[in-house]
Amino acid sequence: MAKTDQNTKKSELDAPAFQIPTPKLKHLIGIEGLTALDIHFLLDRAEEMVDISRQVDKRRHTLSGRTLINLFFENSTRTQSSFEIAGKRLGMDVINMAVAQSSVKKGETLVDTAVTLNAMQPDLLVMRHHAAGAAELLAQKVGCSVINAGDGAHEHPTQALLDALTIRRKKGSIEGLVVAICGDVAHSRVARSNILLLNTLGAQVRVIAPSTLLPSSIESLGVTAYRSMEDGLKGCDVVMMLRLQKERMAGAFIPSMREYFRFFGLDKARLKLAKEDAIVMHPGPMNRGVEIASEIADGVQSVIVEQVEMGVAVRMAVMEVLQQSCAEDAT
Ligand code: CP
């Protein structure tokens, strides 16, 4: 059962009163395909990991002797290091593939790299790649479990899970909350995974962005689209800011950074439009003064540092559940 910072009433959708069955998951490629019960199970397991991670001895040893390979073709601070820490807390041997020094640089294909790593009998491969669908492809080529740590603008499932854990701990439940996802929705895998998860758990999701950063079909994902922060932020419980994903932009989508902050940056005046107890989130890395003012990023409503802590717990939970599911299949 979730711990709460507030005594918010829970609905059945948000907190089932029965024992949730362990999800049968070999891979975690996306939030797409997960049920509300799967998500609750992972979040409940992550709660246990938060407690363990706050102890002096943080080791759990449930995955002792197993091997995790981190394969990051794109830069990362939070995701890669939290998978490494999570793996070590569970007792795994963790290898961080230095992609810049690997044979990928000599022209080896993703599939050949995957098959080569698979021959070393890892139990888990965690991959971040610039191409949407790369993790799915990898999962088809290897025998071990694959976790998608971000594939292009497609999905970043563990980010959405850690965001959900953070929200649930702060608000008590997710069902019925009004969540505004603001900024570069068009290029964001974080936005897509969060939209899928938050809708599955019954939140009302809004997206706020300039037209150039909103896919025309976005409302088919079950969100309400706003082109103005002033309209979209009114009455929100959660304000989730996104970075401009310049590495995925071909061409100019905004006139200038200064102009973008003027109309779409989160500052004190705009945050006042949300509920008084609204929380402010950001997956990081942040661009202060572009999408968020420093005084908001460091302010009392910000839960950005807590999101990072939840990242380790969620990744411990996901890896343990995937391995448990594989072990049950093998018996
Ligand atoms: N949120 C996130 O994916 O951060 P990193 O790019 O630092 O991993």
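Helices (H or I, at least four residues) and strands (E, at least two) are DSSP runs, numbered from the N terminus; I use those labels throughout. With them in hand, I placed Tyr 260 and Phe 264 in helix α8 (residues 257-264), four residues apart, about one turn of the helix.

**Ground rules.** I am working from a predicted model, where local features need pLDDT of at least 70, side-chain atom pairs count only at pLDDT 80 or more, and totals for chains, interfaces and linings use all residues. Residues are numbered from 1 along each chain as its sequence is written, and side-chain values use heavy atoms, with hydrogens and water left out.

**The aromatic pair.** I searched the whole structure for aromatic pairs and got one. Tyr 260 and Phe 264 make up that pair, and they are stacked, at 5.9 Å centre to centre with 25° between the planes. For the cut-offs: rings of Phe, Tyr and Trp (its six-membered ring) pair if their centres lie within 6.5 Å, and planes under 30 degrees apart count as stacked, over 60 as edge-to-face and the rest as tilted.

Next I checked burial, where buried means under 20% relative accessible area, exposed over 50%, and partly exposed in between (1.4 Å probe, protein chains only). Tyr 260 counts as buried because its relative accessibility is 3%. Phe 264 is buried too, with a relative accessible area of 11%.

**The sheet.** I traced an open sheet of four strands in the order β2-β1-β3-β4, with parallel pairing. Its edge strands are β2 (93-97) and β4 (145-151), each pairing on one side only. From one strand to the next the twist averages 15°. Two strands pair if DSSP finds at least two bridges between them. Strands β1 (residues 67-72) and β3 (residues 124-129) pair in the parallel sense over five bridges. I looked up one partner: Ile 69 bridges to Leu 125 in β3.

Which helix packs on the sheet and touches β1, β2, β3 and β4? I found helix α2 (residues 78-89), whose direction makes about 175° with that of β1. Helix α3 (residues 110-118) lies across β1, β2 and β3, running at about 160° to β3. Contact here means heavy atoms within 4.5 Å. Axes are lines fitted to C-alpha atoms, for helices over the stretch in contact, and angles run from 0 to 180 degrees between N-to-C directions.

**The ligand.** I listed its surroundings (a residue is near a molecule or strand if one of its heavy atoms lies within 4 Å of it): Ser 76, Thr 77, Arg 78, Thr 79, Arg 128, His 156, Gln 159, Pro 283 and Gly 284. Then I went through some of the atom pairs. A backbone N or O atom of Thr 77 sits 2.8 Å from an oxygen atom of the ligand. For Arg 128, a polar side-chain atom lies 2.8 Å from an oxygen atom of the ligand. Gln 159 puts a polar side-chain atom 3.0 Å from a nitrogen atom of the ligand.

Gly 284, from the ligand list, is joined to Pro 285 by a cis peptide bond with omega about -10°. I located Pro 285 in the loop between β9 (279-281) and α10 (294-297).

I also noted positive phi at non-glycine residues. His 61 has phi of about 65° and sits in the loop between α1 (36-53) and β1. Is His 61 buried, partly exposed or exposed? At 46% relative accessibility, His 61 counts as partly exposed. Gln 121 has phi of about 60°, in the loop between α3 and β3. Gln 121 is exposed, with a relative accessible area of 61%.

How values were computed: Polar contact = N/O pair within 3.5 Å; in protein donor to acceptor, adjacent residues only side chain to side chain.
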